[in-house]
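Student: I would like to learn how to read a structural model with some care. Could you take me through one, feature by feature?

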Amino acid sequence: MNNKEIAIVMAAGLGSRMRPLTYSTPKPLIKVLNIPLIERVIDSLILRKISKIYVVVGYLREQFRYLEEKYDNLILIENDFYERINNISSMYLVKDLIKDANCYICEADLFIPEPSILSNSSEQSCYFGKFIKGHSDDWGFIQGQDGRIIKVRKGVDDCFNMCGISYFTRKDSAVLANELEKVWGSLGYEFLFWDEVVDRILDKIELKVHPIDSDRIIEIDTVEELEAVEKSFMK
């Protein structure tokens with residue numbers, strides 16, 4: 001059995017909802033409590049002893065170059081499609097890397113207060129999720145009676161919402177890679193989120209939710225949310 005674990009960190013986007021801060025700084029490099037968001041994600045992966053970390057960059061990509069010097073096992077991958085193709089493009093660029101490895105896929109703009117978040121995580125394919133009571137307009141998961149995810153979509157009620165980290169076993173990573181290759185170039189592919197590709201293969205993989213508390217991974221989308229998080233954790 002191949003137990004190698006790699007990680008894909010998605011850092012190519014414009015971060016438009018956090019303007020004006022992101023006019024000059026890519027969102028993953030925005031600092032919270034004096035540490036760039038992406039470094040908190042990377043430190044969690046390092047603690048997990050991930051063999052290779054691939055960071056997909058696009059917008060203001062030159063600002064990420066210091067990461068290759070700071071982390072020995074980190075490699076930058078440049079996404080030239082980021083302005084005209086949705087984040088499916090970042091995953092398409094790494095499809096050959098994920099085919100033969102257990103793989104974490106992480107957003108780069110997460111505030112992770114405690115890097116041990118991945119230390120005891122599930123060994124099966126999963127999305128990390130927070131349970132949200134009532135309606136949510138964010139991405140969430142519809143689950144079957146056995147807990148298996150049967151639908152990934154936006155706009156859900158009383159269910160787990162995604163929070164920016166997922167894990168795929170080698171077997172399921174290969175299925176995802178093959179589907180990315182199949183979808184690329186098809187009608188409307190440029191508008192797809194990579195999670196919509198996952199939704200297409202749920203009958204071929206066994207994907208569950210790894211529940212976490214709401215304060216263990218915090219997505220920050222606006223300047224107001226940034227200020228609120230800093231105020232809260234400084235206390």
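**Reading the fold**

Tutor: The protein chain holds seven helices and eleven strands, where helices (H or I, at least four residues) and strands (E, at least two) are DSSP runs, numbered from the N terminus. This is a predicted model, in which local features need pLDDT of at least 70 and side-chain atom pairs count only at pLDDT 80 or more, while totals for chains, interfaces and linings use all residues. Residues are numbered from 1 along each chain as its sequence is written, and side-chain values use heavy atoms, with hydrogens and water left out.

Student: In what order do the seven strands of the open sheet lie, and which strands are at its edges?

Tutor: Two strands pair if DSSP finds at least two bridges between them. Here the order is S5-S4-S1-S6-S9-S8-S10, with mixed pairing, and the edge strands, each pairing on one side only, are S5 (74-78) and S10 (208-211). From one strand to the next the twist averages 40°, where axes are lines fitted to C-alpha atoms, for helices over the stretch in contact, and angles run from 0 to 180 degrees between N-to-C directions.

Student: Is arginine 61 buried or exposed, and why?

Tutor: Buried means under 20% relative accessible area, exposed over 50%, and partly exposed in between (1.4 Å probe, protein chains only). Arginine 61 has 16% relative accessibility and therefore counts as buried, although this residue lies in a loop, between strand S4 (52-57) and helix H2 (66-70).

Student: What is arginine 61 in contact with, leaving aside its neighbours within four places in sequence?

Tutor: Those contacts are Glu78, Asn79, Asp80 and Tyr82. Glutamate 78 is 17 residues from arginine 61 in sequence, yet their C-alpha atoms are 7.5 Å apart in space. The side chain of arginine 61 also reaches the backbone oxygen of glycine 58 at 3.1 Å.

Student: What share of the 235 residues in the protein chain is buried?

Tutor: Buried residues make up 52% of them.

Technical notes:
Contact = heavy atoms within 4.5 Å. Polar contact = N/O pair within 3.5 Å; in protein donor to acceptor, adjacent residues only side chain to side chain.
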